[in-house]
Each structure stands twice: as structure tokens, then as C-alpha cells.
Amino acid sequence: MESGIDGVNPKRILVLNGPNLNLLGSREPTIYGRLTLNEINETLRERAKELGVDEIDFLQSNFEGALIEAIQKARGRYDFILLNAGALTHYSIALRDAIAAMPVPVIEIHLSNIHKREEFREKSVIAPVVMGQISGFGIDSYIAALEIAVRKLQREAQSNGGI
Ligand code: DQA
């Protein structure tokens, strides 16, 4: 079996981005910044390499169903999902149900602080079924999520005696 850089636990991470996040760079830059999604993903790829992640894959879709399918297929394939669900965060019960149905842990990410914007953004319907939420730190929300995921996987591997 393929093993991680630390020689014990392979780490496979899926980064999912939802509707309109393909527009980053030009989309409301005062709120979301000027980095494109590709730039964010490349930074994550580099950080993942430093952290000894074996695999990091990226998917952005404007379609709810494509995100749900990606979550369903993650079982047994990935160890963690980092998810910025965009506006689906606030109303997609289908996305919430997909997350709840899967054993793969999910970290919810937002570039902006959803709690200090319009009232309708304050509610995340996925928050109760994810491991935790990181909101308001721009690209650092993604980097922090990646670092936390790796730390969790390392701790898990240690407590299993590295197996
Ligand atoms: C977002 C916040 C959502 O409310 C919004 O619909 C987005 C981006 C964020 O990253 O800050 O599309 O998830």
C-alpha cells in the first residue's frame, strides 16, 4: 500500500468549491479578494506537498448534483473533504444530507465571514454535519482547513499505532 511522506499514513484530500467560486479574482473583490481559484488551489497544492499529503484533488462546480456526487464518491477514496459550498451552504438540504451520509470528515470553508454579512448568510445548513467551520480569513481559511485536516490524520495514525 502507498504510504505517506512520514512512512505510515497515506493522506488523501479533496477540495470542493461550489457555485460562483470559479469567478474568484473578479467576483466582488472587496469581499472575496483578488486571488483566482487556480491561485488558491496552487497554494494549497504546494502546502499539501510540504505537509506530506499524498494526494490532493480539486473540483469546482456550479451544480449542486455534481458536488453531491463528488461527496458520495469520496467514501474510501479520500480521508478528508475541504468544502466551500458557496451559496448552497445556506439552503442545500441535499448537500447536507450527502455530507451526513458519508463517513468522510468535512471542514466547511468560507473566504468571507458569513456571520457578519447579510442575515441570510448567517445560517449554514451544513454546519451541524461538518467537523467544523472556518470563515472569514480569505485564502487562509483554506490553508488552515488543510493544516487541521493533516494534523487530525496524523493524530489518528499515531493513536492507531501508525497502522
Ligand atoms: C462564500 C460565502 C457564501 O455566502 C457565498 O454565497 C459564496 C462564497 C465565501 O467563501 O465567503 O459564494 O462561501
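This is a predicted model: local features need pLDDT of at least 70, side-chain atom pairs count only at pLDDT 80 or more; totals for chains, interfaces and linings use all residues.
Buried here means under 20% relative accessible area, with exposed over 50% and partly exposed in between (1.4 Å probe, protein chains only). Strands (E, at least two residues) and helices (H or I, at least four) are DSSP runs, numbered from the N terminus. Residues are numbered from 1 along each chain as its sequence is written, and side-chain values use heavy atoms, leaving out hydrogens and water.

**Strand E4 and its neighbours**
- Val106, Glu108 and His110 point one way from E4, Ile107 and Ile109 point the other way, and all are buried.
- In a regular strand, side chains alternate between the two faces of the sheet.
- E4 pairs in the parallel sense with strand E3 (residues 80–84) over 3 bridges; pairing requires at least two DSSP bridges between two strands.
- Leucine 82 stands opposite isoleucine 107 in E4.
- E4 and strand E5 (residues 132–135) run parallel, joined by 4 bridges, and isoleucine 109 stands opposite isoleucine 134 in E5.

**Around the ligand**
- The residues surrounding the ligand (a heavy atom within 4 Å) include His90, His110, Leu111 and Arg121.
- A polar side-chain atom of histidine 90 lies 2.7 Å from a ligand oxygen atom.
- For leucine 111, a polar backbone atom is 2.8 Å from an oxygen atom of the ligand.
- Arginine 121 places a polar side-chain atom 2.9 Å from an oxygen atom of the ligand.

Definitions and conventions:
A polar contact is a pair of N or O atoms within 3.5 Å; within protein, one must be able to donate a hydrogen and the other to accept it, and residues adjacent in sequence count only if both atoms are side-chain atoms.
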